[in-house]
Each structure stands twice: as structure tokens, then as C-alpha cells.
Amino acid sequence: MKPETKFTHKGRPKPSLSTPVNPSLTRASTLLFDKAEDLYRNDITTYGRHGTEVHLALCELFNELESGVGTVLFPSGLASCTYPILAHVKSGDHILLTDSCYGPIRSFCENQLQKFGVETEIYDPRIGSEIETLIRPNTSVIILESPGSLTLEIQDVPAIVAIAKAHKITTIIDNTWSAGLVYKPLEMGVDISCHAATKYFGGHSDLLFGAAICRTKNHYERVKRTAKLIGNSASADDAYQVLRGFRTVTARFDKQAATALELAVWLQDHPRIKTVLHPALSSHPDHGLWKRDFSGAAPLFSFVVNNMSPKDVLAFVNAHELFGIGYSYGGYESLIIHCDPQLKRQFDPEFGGPLIRYACGLEDVADLKSDITQAFNAIS
Ligand SMILES: Cc1ncc(COP(=O)(O)O)c(C=O)c1O
């Protein structure tokens, strides 16, 4: 069954007499029992923090998305990455984190984990099987993100996973960019695939949510238990909205991704652009890996500016009328940010200038091109 069909038919109540199409949204902290004997049962949900019907339906869809055996839901995408890491480290461990990761994950590892005696070593996202040279007897987790946040390096995930498996190291990937629609890291042996469902699954820039999809029962039980012990709880209202977003995600993603690719191709020869960072372009340094491992691209790409002063960059961003200035992506509306990854990176991507990231929305692509053209004109 194709994803569109699964996302339409799974996670729904079985029809009987007059059944609503969607699962019920139940807001609950306390669940009531009519018998004292039931209070301490392990085979039923006994308290709202552990989820309701809508949470179960959503987990079913995330498992379908990436062929996971179990999914844990979180109140944010960041939490969907930090909890699985926490679940797999202990004091004295060493972990490896890609230099291209989403910034707050790096802060979490370098600040919070460090307080508990876990050492984080940053590695070059393009390291591939050379990662073996960094492995120590106490290395417990390798954290990946492909493509990298902002800079869009594609990692050789199968090569890294092969090394990790040989050393019994857990692999955790932030798979937010692809929404799990065009990239299936669990099928390549990655242990946990984390999603900021805030993006494409929310789809409307009005909620925060996360999901960690696990490849094995063992990884699932560890993440679930850690989340339970720390008091994790994802709201039923947000879970309901994410479930609703799932039903239409492929249609939105495909259109927005097509817009991004059209803009990336169109921008390639622009005199104010040095390099367009989009893995589907043959000029991208990791295009071969992308073609091997991905079935498509996402609505998010960046470009390195050519010959623009910091003042020009700000003026260019400010001149956009249809692209809102804001972090995030995956909503129905287009967004723009500027940043200089070289300021935060250990392995300098050597872009020689700041970059601009576009998140493409559902607007007409010709209207977006006109907006970009007038923004360039505003600085020329
Ligand atoms: C790649 C990536 N991972 C994780 C997150 C965190 O998601 P959230 O904002 O839902 O915490 C983001 C948010 O921008 C992101 O871009």
C-alpha cells in the first residue's frame, strides 16, 4: 500500500453503526475505574499522561511511515531527539554528533549531557566510514542528521550504520527534513528516527510536536521508559492536529517540494548567488548519495550569497513580501532566514559567506519568483 493510502485509512476507528471518520479527541488527566482491582493493571492505560485513543492512532501512523515497531510522542521536535539520546547514555559515555545538526541539539549535548559526565565529540558530516577512527570503548550513541540543518550535507548513513553496528553503538537520526516521506533511515538500519512533527505534519505553523520512531522493541522500550520516568506528555489536542495533518501531508509536501526544486534550479545562475544547496541538483557535492538513498527532496533548501555585504543580506531578507521572516518550515506559508553557519561550526563548510534558507509553502511558484526578483532588485 502506498503512503497516501495508508495515511488515509490507518489510525481510524472501525466503522460500525454511525462511526465518525476520525478517532475521538479525549482530553484527560484522570481516568476513572469502577473497580479497585483495575487501578494497578499493567495492560490498560491508567492515567492521561500515558496517552489516549488519539495518541495510539498517531503512533500507528508514525510506525507506518517508517516501518517502526514503536513510536513515542513528545511535546516538541527537540524533545523527540533529546529523550532518545538520554535513554541511551550513562555517565562516563562518549557520543558522536554531526557538526551539521540542528543547533539546540548541539547545545543540549554540550551543556546538559556534559553536566552528567557524557562527553560529546563533533564529527564532520561527510566522514562516512572514517567515523570508525573516532570510536572509543565508551562510545554509546552516534547522532546523525541528513541533510544537515541549514547546510544540507548528505551523510553516508549506511556506511556509518555499518560501523555503529560492528561496535554495538546506537544510531539516532533527526529525520525532520524528509518527513520520513522521501527518506527511510530505519530501513538502512538506523535505530531511532526523530521528527519535529511541528513542521510538515502540523503543517500550519500553529503547534509544536515530536515523534521518535524506533526500529526495534528494545529501543522503543528504552525511549518509552525514559520518557515516562521524566514525565513526558504530549497533549491530546496537538496529537489530534498532527493526526489531521498526516492525512494531507503527502499532497502538501509534494507540491511544496516541487516549488523548492523549481526555485533552486531557477536560482542556480543568479549573479548574486554563489552556490545553491539543494541535494537534487547535480552540482550538489553529495548528489550521488542523495540519488542512492533518497526517493525525493523536501521543500527546504539554502543558497550561499555572492558578493553581498551584511547590510545587503539584511536588506534582501527584509525586501521579501511573500516569504515571512521566521524559523521553522513545513507550514503552508513560505519562510526565509539568513545565517552564517561558519560562526557555529567546528568543521568549516568553507562557504565564504552567509547563507539564505528558503522554506517553500503552498503559494504559486510564479508569485514566489516575482517576490524573489523584486527582493534582489531592492538591493541592486
Ligand atoms: C532539524 C530540526 N530538528 C528539530 C527541530 C526542533 O523542533 P521543535 O521546534 O518542534 O522543537 C527543528 C526545528 O526547527 C529542526 O529544524
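Contact here means heavy atoms within 4.5 Å of each other. With that in hand, let us walk through this model, which is a predicted one: local features need pLDDT of at least 70, side-chain atom pairs count only at pLDDT 80 or more, and totals for chains, interfaces and linings use all residues. Residues are numbered from 1 along each chain as its sequence is written, and side-chain values use heavy atoms, with hydrogens and water left out.

Start with the overall layout. The chain is divided into domain 1 (3-244) and domain 2 (250-379), with bounds that come from an automatic or database domain assignment. Their C-alpha centres lie 27 Å apart. Across the boundary, 35 residues of domain 1 are in contact with 38 residues of domain 2.

Now look inside. A nonpolar core is a set of buried Ala, Val, Leu, Ile, Met, Phe, Trp, Tyr and Cys residues joined through side-chain atoms within 4.5 Å. Buried means under 20% relative accessible area, exposed means over 50%, and partly exposed is in between, using a 1.4 Å probe and protein chains only. The largest nonpolar core has 64 residues, and L58, F62, Y123, I142, F201, F209 and F246 touch the most other members. Among the elements that each supply at least two residues are α2 (53-66), β4 (139-145), α7 (236-267) and β12 (355-359); these helices (H or I, at least four residues) and strands (E, at least two) are DSSP runs, numbered from the N terminus. Helix α7 gives the most, with 9 residues. Both domain 1 and domain 2 give residues to this core, so it lies between them. A second, separate core of 27 residues includes Y83, L113, V141 and C214.

Leaving aside residues up to four places away in sequence, I142 touches L96, Y123, I131, I160, A164, I169, T170, T171 and I172.

Next comes S146, found in the loop between β4 and α5. A cis peptide bond joins S146 and P147, with omega about -5°, and P147 is found in that loop between β4 and α5 too. With a relative accessibility of 1%, S146 counts as buried. Residues that S146 touches include E153, Q155, D174, Y183 and F294, not counting those up to four places away in sequence. The C-alpha atoms of S146 and W290 are separated by 9.5 Å, although the two residues are 144 residues apart along the chain.

S18, in the loop between α1 (3-9) and α2, has a positive phi of about 60° although it is not a glycine. At 73% relative accessibility, S18 counts as exposed. S328, in the loop between β10 (324-325) and β11, also has a positive phi, near 90°. S328 is partly exposed, with a relative accessible area of 23%.

Finally, turn to a pair of helices. Helix α9 (residues 310-319) and helix α10 (residues 365-379) pack at an angle of about 145°, with their axes 8 Å apart. Axes are lines fitted to C-alpha atoms, for helices over the stretch in contact, and angles run from 0 to 180 degrees between N-to-C directions. On the α9 side the contact is made by D312, A315, F316 and A319, while α10 brings residues including D371, I372, Q374 and F376.
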